[in-house]
Amino acid sequence: MPSLDMLNDLIPVFVTLFVIIDPLGLVPVFIVLTQGTSAAHRRRMAIRACLTSFFILAAFALIGEGLLGVFGIHMPAFRIAGGTLLFLIALEMLFEKRSQKRNERAEQVHQELEEDHDTDKAGKTAKAKTKTAATKTADGPTIPDDEADDVSIFPMSIPFLSGPGAIASVMLLMGKFEDNIAMQASVIGVVAVVMVIAFVFFLLANVVAKRLSPTVATVVSRLLGMILAALAVQFIIDGIKQAFF
């Protein structure tokens, strides 16, 4: 059973990863990218995106520091650079620019996928058109699973769930507990927990989007942004101490 000190260390780990990965903020993105697809397809996309992201982050957690060593980059320098990156992300959250960028990126990817889908449909026969028409329901047209685009790897996993900010965060947290194997294993465990939360949010995307008002989302985003800014500054301070003192 984890000790009280260990739980106290895990709370900022969870907060950092939850804020950076931001599963709640990705709900509108997931809705846009899977619009018009079946529930089974959305479930597959959610599972694949979360599993892929977990393995990517776990891999960087385990071999990230060694990879930096290959390029001659030491952990203090990475702490300063990573903390600066997290601080910039926190500023974007405080001024509501991060959600705006994500939604714009999602809309752009969705439009590109729609254009590719329309091009493929234009070259199909009348038989295929009849089949597509048959899939329409009272709620509007539904894209058949064999025609729906796979958005699980790009852009859901990379860059949204396991982007540069998430990778840097995981590596910074692993470096913080470099002499404590139990805490390093716990960091990977927290990554898994955040991915499970993301998966649940994606499955309940429509419900979450309806229940979460824009005002509440803005308040939560700015509050978490302030916490992330403080954690980022601490990473920078730790890096400077380790490098110069």
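Which residues of helix 1 are buried? I found Met6, Leu10, Val13, Thr16, Leu17, Phe18, Val19, Ile20 and Ile21. Buried here is under 20% relative accessible area, exposed over 50%, partly exposed in between (1.4 Å probe, protein chains only). Helices are DSSP runs (H or I, at least four residues), numbered from the N terminus.

Ground rules: this is a predicted model, where local features need pLDDT of at least 70, side-chain atom pairs count only at pLDDT 80 or more, and totals for chains, interfaces and linings use all residues. Residues are numbered from 1 along each chain as its sequence is written, and side-chain values use heavy atoms, with hydrogens and water left out.

Next I checked what follows helix 1: Asp22, with a positive phi near 55°.

I then looked at Ser186, which sits in helix 9. Ser186 is buried at a relative accessible area of 15%. Leaving out residues up to four places away in sequence, Ser186 touches Met6 and Leu10, both among the buried residues of helix 1. Contact is heavy atoms within 4.5 Å.

On to helix 8 (residues 164–176). Eleven of its 13 residues are buried, among them Ala166, Ile167 and Val170. The buried residues of helix 8 pack against several helices, including helix 1 (4–21), helix 3 (39–70) and helix 9 (181–203).

Last entry: Leu57. Beyond its neighbours within four places in sequence, Leu57 is in contact with residues including Ile21, Ala166, Ile167 and Val170.

Conventions:
Helices (H or I, at least four residues) and strands (E, at least two) are DSSP runs, numbered from the N terminus. The expected span of a helix is 1.5 Å times one less than its number of residues.
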